[in-house]
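User: I would like a close look at one part of this model, followed by an account of how its surroundings are arranged.

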Amino acid sequence: MQVTETLNSGLKREIKITVPAGDMEAKLMARLSDARNKVRINGFRPGKVPVQHLRKVYGKSFMAEVVNEILNDSTRSIITGRGEKAAMQPEVIMTEDEKEAEKILAGGADFEFSINYEIIPAIEIKDFSDIKVTRQVFDVPDTEIDEQVQRVAESARTYEPKTGKAAEGDRVSIDYVGKIDGEAFAGGAGTDQPLVLGSKEFIPGFEDQLVGAKAGDEKQVTVTFPENYQAAHLAGKEATFDVTVKEVSKPGALEINDETAKNLGLESLERLREVVRTQIENQFGSMTRQKVKRQLLDQLDAAYSFEAPSKLVEAEFNNIWTQVNRDLEAAGRTFADEETTEEEARAEYLRLAERRVRLGLVLAEIGEKAGVTVSDEELQRGLFEQVRRYPAAQQQEAFEFYRSNPEALNTLRAPMFEEKVVDHLLGQISVTDVKVSKEELMADDEEAETAKAKPAKKAAAKKADAKADDAEEPKKKAAPKKKAAKDAE
């Protein structure tokens, strides 16, 4: 086998491999000889089939196996032997000439092919002592727990039908149809929709116009969608809703006790408070973690500057760009609505893809040198957590998909590995804890990043907020609903 480097430019490599026809012939004859004692051909006793007859029957198929074996084994061994790591699966280039291919399969010509690939650059891990991050810590006060417990109790509050007019705090059940310029619009209708007046669940002005309504009333509600409403085709427009009030109910007493907790499936009020505290602490802890991680990655990004493999960057950019366009389309918005252009957005997201690839390679190198691994047990736990995010009816199907698809399973392993590397780094760098208020912790510290990324980046963030909202309340997606738009502000 002759190996010749034909390209060495930056991270790009091209290697030409030539396997002489004599070597191909020897490999073929070894296969034929091995098969002679195994195949059964009419007219011949076992082990007595002439090799030339075997070659006539199986020669091309066996030679095709030889070709595949050479491609698989030589590609790996050549790259490893050169002390290189391929960024992605190498591209194999073989002759497209059918006559030449026939000669190779017949053993009458050298087998020549080339492999094109990009290498992962050598990364020298630097000292971590200069990396310093500030960890914002919010100590959750009892008042925060009290407020959340009250909100949870509100969800379990009972309502009793009442006669007479609806007052603020009452719950009405309504049917509605929304119209703009006299034409009903998609998503603007709902039936048997419960609405607590004063909850500010719907867009401004909607609930106010139902105060004083009675069961059986038909009212026309006129409102104006907020300028920043999630659905661009509705933003800023005046709409009328034909509303039928089907029922008016008054709220029962708001009781916060063991019985309330039991109605929520918990054994006591104390247990309810424990669950609420854990959820709140996890929520704020996640915010703290993300801010610390962002500081860490920003400093790693500044410390490591190298050429990233273009194929990896291209793949990452395509993933980002597909999601951005999908989110814009779902929101009914354009790049112009986001005060940018497609060209500007492409350039910014390409820079983001390059950053992600570089940081991914840096973290992978740090993790490898530190011996960081994701155990099968950890991966199994991660799989169960992922599957639980699916609707109950789809969980088994999702579980089987991941278990039978190694590539999909690796999409779970990669972020788990990254988080473990981050944990490792946090044990190596300087971390200073700072007590902050809830407002400080929740403050959006990405304004500078958003400004750099142009408004197109905000579109994805807005849509992500809206998706989170929909996940919490899947039954409340009607047009007058304010919450999705409010979360997206």
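Which residue in β4 is the bridge partner of Thr 18?

Analyst: The bridge partner of Thr 18 in β4 is Glu 112. This is a predicted model, in which local features need pLDDT of at least 70 and side-chain atom pairs count only at pLDDT 80 or more, while totals for chains, interfaces and linings use all residues. Residues are numbered from 1 along each chain as its sequence is written, and side-chain values use heavy atoms, with hydrogens and water left out. Helices (H or I, at least four residues) and strands (E, at least two) are DSSP runs, numbered from the N terminus.

The pair belongs to an antiparallel arrangement: strand β2 (residues 12–19) and strand β4 (residues 111–118) are joined by eight bridges. Two strands are taken to pair if DSSP finds at least two bridges between them. Strands of a sheet pair through backbone hydrogen bonds, either parallel or antiparallel. Here four strands make an open sheet, ordered β1-β2-β4-β3, with antiparallel pairing. From one strand to the next, the twist averages 20 degrees.

Helix packing can be described next. Two packed helices are described by the angle between their axes and the distance between the axes. Axes are lines fitted to C-alpha atoms, for helices over the stretch in contact, and angles run from 0 to 180 degrees between N-to-C directions. Helix α2 (residues 51–81) and helix α3 (residues 98–105) have axes that come within 9 Å and cross at roughly 95 degrees. That makes α2 roughly perpendicular to α3, a class covering 65 to 115 degrees, whereas angles under 35 degrees count as roughly parallel, over 145 as roughly antiparallel and the rest as oblique. With contact meaning heavy atoms within 4.5 Å, Gly 59, Lys 60, Met 63, Ala 64 and Val 67 in α2 meet Glu 102, Ile 104 and Leu 105 in α3. The residues of this contact comprise five nonpolar, one polar and two charged. Ala, Val, Leu, Ile, Met, Phe, Trp, Tyr, Cys and Pro count as nonpolar, Asp, Glu, Lys and Arg as charged, and the others, Gly among them, as polar.

A second pair is formed by helix α6 (residues 269–303) and helix α11 (residues 406–426), whose axes lie 11 Å apart at an angle of about 80 degrees. These helices are therefore roughly perpendicular to each other. The contact of α6 with α11 has six nonpolar, no polar and five charged residues.

Helix α8 (residues 342–370) has 29 residues and spans 41 Å from its first C-alpha to its last, close to the 42 Å expected at 1.5 Å a residue. The expected span is 1.5 Å times one less than the number of residues in the helix. After α8 comes Gly 371, with a positive phi near 75 degrees. In the loop between α7 (310–331) and α8 lies Glu 339, a residue other than glycine with a positive phi, near 60 degrees. Glu 339 counts as exposed at 65% relative accessibility, where exposed means over 50% relative accessible area, buried under 20% and partly exposed in between (1.4 Å probe, protein chains only).

Across the protein chain there are 15 helices and eleven strands, and 35% of the 489 residues are buried.
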